[in-house]
Amino acid sequence: MAEEDNIRVSNSSSYPPPFRQQQTEDGDSAESEQLNSEVVDWEYNSVPVLDYDKDINYYGTDDDDSGFVVDEICRDWGLFRLVNHGVPPTLLSQLHDQAKQIFSLPFETKQDIMTTPLSYFWGTPVLSPSGVALSMKGSHQNSSWVEGINIPLSQLSKIPPQDHHPTLNSFRVLIEEYGKHLGRLARSIFERMAKNLNLDKTESESDLSELTGFIRAYRYPICSEFSKEHPAWGMDSHTDSSVLSILSCEDQVGGLQVLKNDNWLTVEPISNTLIVNLGDMMQAISNDEYKSVKHRVKVNRYKERISICYFVFPKEGSVIRSINYKPFTYTEFQKQVQQDVKALGFKVGLDRFKHTTTAAAAITEAC
């Protein structure tokens, strides 16, 4: 798909109905970039960078400092950019191109062809285990300017062929190859963190299972009707529930922001790099030594944004034991999150499982 297709929407019928609006006239997009005045743009390039070969997959002498660097970043940031990761650039490029083509299909077509185990969602990134968008309390419903495809990697073989939409067939093949690379990366990153934390090897083996991995492709549509007083977000501030999340953004359209030292930092999109962030499960596994980073996605007046994210979790039924939390499984955590989203409109998260709960304080603050 040509680059100019990202600038203006030529087929608004591909958008979910509430997102079909009059497109902004061409102009200086700097205005939209300045709407969030609290964003610390001067730190645009300061996200820490790790080299997979040198920092993650390297096991040298006990006195090498690569483990220290990884440990420091996980404690201080909970997020880093990964380079030399071994995922072929052509695979990343093809995957994003195929995702753009699928998202450009008419809205009704996407609803029809996304059959189990795939699921198509929009208006909220919060899904049930089966991939159904959750209804949220009050004004939070459909407040996210996003649409997406949920893809459980362990069920790829169950995706039926699409005779009339061969792009979906080729997308499945690319996703399968990409999932193998991401499973490899996630395992290596987790093993490096487990070593740094001196986790019991036998117990930590079930703290991450590649069989739980799934991929979500996201499109953040153009949104011209927002202002500093009435912002629109692709995703509002949240933490991931995963052990690890690995994000790829190849279209060079910015939007990802992370919370660092009480300031929102814009993360620069750089081709052929991956963004790795730690989730709630990793924070619990590490006894709060590592950080589940808060992040959000802002929309753009002039350009769509495509991103593809991989999420991975503990083995099904595996009990997370931590000095700071009651023993729990990810299934129990997920169930509680869904209950909170439906009842409160937002995720409370790990505070629900602390020995001395601060959930009430967290709910009061969020409200």
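**View 1. Aromatic pairs, with Phe121 and Tyr218 in close-up.** Across the whole structure, a search turns up 13 aromatic pairs (Phe, Tyr and Trp rings, the last by its six-membered ring, with centres within 6.5 Å; planes under 30 degrees apart are stacked, over 60 edge-to-face, the rest tilted). Here the ring centres of Phe121 and Tyr218 lie 6.2 Å apart with planes at 80 degrees, so this pair is edge-to-face. Because Phe121 belongs to strand 3 (residues 119–122) and Tyr218 to strand 5 (residues 209–220), the pair ties together parts 97 residues apart in sequence. Phe121 is buried at 1% relative accessibility, and Tyr218 is buried at 4% (buried: under 20% relative accessible area, 1.4 Å probe, protein chains only). Strands are DSSP runs of E, at least two residues, and helices runs of H or I, at least four, numbered from the N terminus. This is a predicted model: local features need pLDDT of at least 70 and side-chain atom pairs 80 or more, while totals for chains, interfaces and linings use all residues. Numbering starts from 1 along each chain as its sequence is written, and side-chain values use heavy atoms, without hydrogens or water.

**View 2. Arginines over rings.** Arg216 sits over the face of Phe121, 5.8 Å from the ring centre; Arg296 does so over Trp264, at 4.1 Å (cut-offs: NZ of Lys or CZ of Arg within 6 Å of the ring centre and within 35 degrees of the ring normal).

**View 3. The largest nonpolar core.** This core has 87 residues, and Leu82 and Phe328 are among those with the most contacts inside it (buried Ala, Val, Leu, Ile, Met, Phe, Trp, Tyr and Cys joined through side-chain atoms within 4.5 Å). Helix 6 (residues 166–197) gives the most, with 13 residues.

How values were computed
Buried means under 20% relative accessible area, exposed over 50%, partly exposed in between (1.4 Å probe, protein chains only).
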